[in-house]
Amino acid sequence: MVNLTPYLAPRQLGAGIKGGCEAAVHATRRFLCSLEPGSVIAKLDFSNAFNCLHRDSILSAVFQQSPEIYNYCRLAYSQSSTLWFGEHMIMSEEGAQQGDPLGPLLFCVTVQPLLSSLQSPLTVGFMDDLTLGGPQSVVEQDVASVMEVGANLGLHLNISKCEVVHSADTNITSDTLKSFLPVKPAEASLLGAPLLAGQELDSALDARCLDLSRAIDRLSVIDSHDALILLRSCFCAPKIQHILRCTPCHEHPSLDTFDDLLRSGLCKIINADLSDTQWLQAGLPVKDGGLGIRSVARLAISAYLASADSTLQLQEEILSSTTAPQDLNAEQLSSIWSTSFAKPPPAPPASFKQSAWDSPRIQADKAELWSSFGDKLNVARLTAVSAHP
């Protein structure tokens, strides 16, 4: 099968593009931070896009770009398929089949010619989520093209969910853009991640804290071991990792609130109060003698820097037609990291991995933990739980 990454990137990041989601968020933030008067960012939403895309358009795109799989796709999509709802039979004649692992790729390849034709300086697609940024007149023309060409593909904008992000000194004159939901920069988000510090970030982190609090109440009614595994694997850092990697939120008070909830939840599960030292050990990775209940406040810098560094080249490709500045948040956090650990930041490709940024923090926490114990019993215990098999 032909590698379609060069064909899709950097405009379509939803299939086969490593770090595509995070790169889209970082690039859009950089563009937003340099948004000029009269310029806007439009977020487009299609109505039931995957189920409405014409199958003849899908097959035509596959034949042109990846003929190796054309016969397979033709076998699956050249005729109607039968869906059953109870006793009712429904003929499925449009869109990719639900559950088809090729579905995202088929969608991306089909809409790629449309994406490639757009003129906005910022043009980013993540499957059916399209983001356009630039002068209002250019974005307006591109939206018109999306509506016209998209209709030929079976795609129609859901105007009620489309958004236009602009500063207070920008007057929206386009009738089409006026019909979009107006959003202030501080309230903007993309692909589930707030773009800037402000109201949207506050709301997103508060929602995660509320979810964790609700989860802890429910974990208390199941077996303690099962509850501990779920807390570590599903409800602690993994629950908030996307925001940590995509949005600069270092020292946000809600991260401390999240950690406090984690601590109280762990105490409830094990039916014991944890001292500060014990909580510090619980936050270490399992291989380092901890429980893997990682502090999100301590992860914030390493998560963001790893994401920003690993997607930097892709960001530059996305922003190649713009004058967007460098990521000032990454520069600031990198300086904080270097000052905290008295060492230069890791260089690529090591800097692409979160573990490279996180390792000095883990070592510092381990050193603090070991220094807090002077008796032989606790030293032996720490040695045992930190031993590698």
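I took a salt bridge to be a side-chain nitrogen of Lys or Arg within 4 Å of a carboxyl oxygen of Asp or Glu. The model is predicted, and I therefore note that local features need pLDDT of at least 70, that side-chain atom pairs count only at pLDDT 80 or more, and that totals for chains, interfaces and linings use all residues. Residues are numbered from 1 along each chain as its sequence is written, and side-chain values use heavy atoms, with hydrogens and water left out.

**Entry 1: salt bridges**

I searched the whole structure and found 10 salt bridges. I classed residues as buried under 20% relative accessible area, exposed over 50% and partly exposed in between (1.4 Å probe, protein chains only). Helices (H or I, at least four residues) and strands (E, at least two) are DSSP runs, numbered from the N terminus.

I looked up D358 and R294, whose side chains meet in a salt bridge at 3.0 Å, N to O. D358 belongs to helix α17 (residues 354–372) and R294 to the loop between α13 and α14 (296–310), so the pair links distant parts of the chain, 64 residues apart. D358 is buried at 6% relative accessibility, and R294 is buried at 15%.

I then turned to D365 and R298, which form a salt bridge of 2.7 Å, N to O. D365 is in helix α17 and R298 in helix α14, 67 residues apart. D365 is buried, with a relative accessible area of 7%, whereas R298 is partly exposed at 35%.

D276 lies in helix α13 (residues 276–282) and R263 in helix α12 (residues 253–270), so the pair ties together parts that are 13 residues apart in sequence. D276 is exposed at 59%, and R263 is partly exposed at 22%.

**Entry 2: the five-stranded sheet**

I traced an open sheet of five strands in the order β4-β5-β1-β6-β7, with mixed pairing. Its edge strands, β4 (122–126) and β7 (181–183), each pair on one side only. Two strands pair if DSSP finds at least two bridges between them. Strand β1 (residues 39–45) pairs with strand β6 (residues 163–165) in the antiparallel sense over three bridges, and K43 stands opposite E163 in β6.

Helix α2 (residues 20–33) touches β1, β4, β5 (129–135) and β6, and its direction makes about 155 degrees with that of β4. Helix α7 (residues 136–153) touches β1 and β5, and its direction makes about 150 degrees with that of β5. Axes are lines fitted to C-alpha atoms, for helices over the stretch in contact, and angles run from 0 to 180 degrees between N-to-C directions.

**Entry 3: strand β4**

How many residues of β4 are buried? Five of the five are, so β4 is largely enclosed by the rest of the structure. L122, V124 and F126 are buried on one side, and T123 and G125 on the other. In a regular strand the side chains alternate between the two faces of the sheet. β4 and β5 pair in the antiparallel sense over five bridges, and L122 stands opposite G133 in β5. The hairpin of β4 and β5 has two residues between the strands, and M127 takes a positive phi near 55 degrees there.

**Entry 4: helices α4 and α7**

I listed the buried residues of helix α4 (residues 55–65) as R55, S57, I58, L59, A61 and V62. Their cover includes α5 (70–77), β2 (81–85), β3, α6 (103–117) and α7.

I next examined Q136, which is in helix α7. Q136 is buried, at 8% relative accessibility. Leaving out residues up to four places away in sequence, Q136 touches G38, S39, V40, T170, N171, I172, T173, S174 and L177.

**Entry 5: totals**

I noted 18 helices and nine strands in the protein. Buried residues make up 48% of its 389 residues. The C-alpha atoms fill a box of roughly 75 × 55 × 40 Å, taken along the principal axes.

Terms used: Contact means heavy atoms within 4.5 Å.
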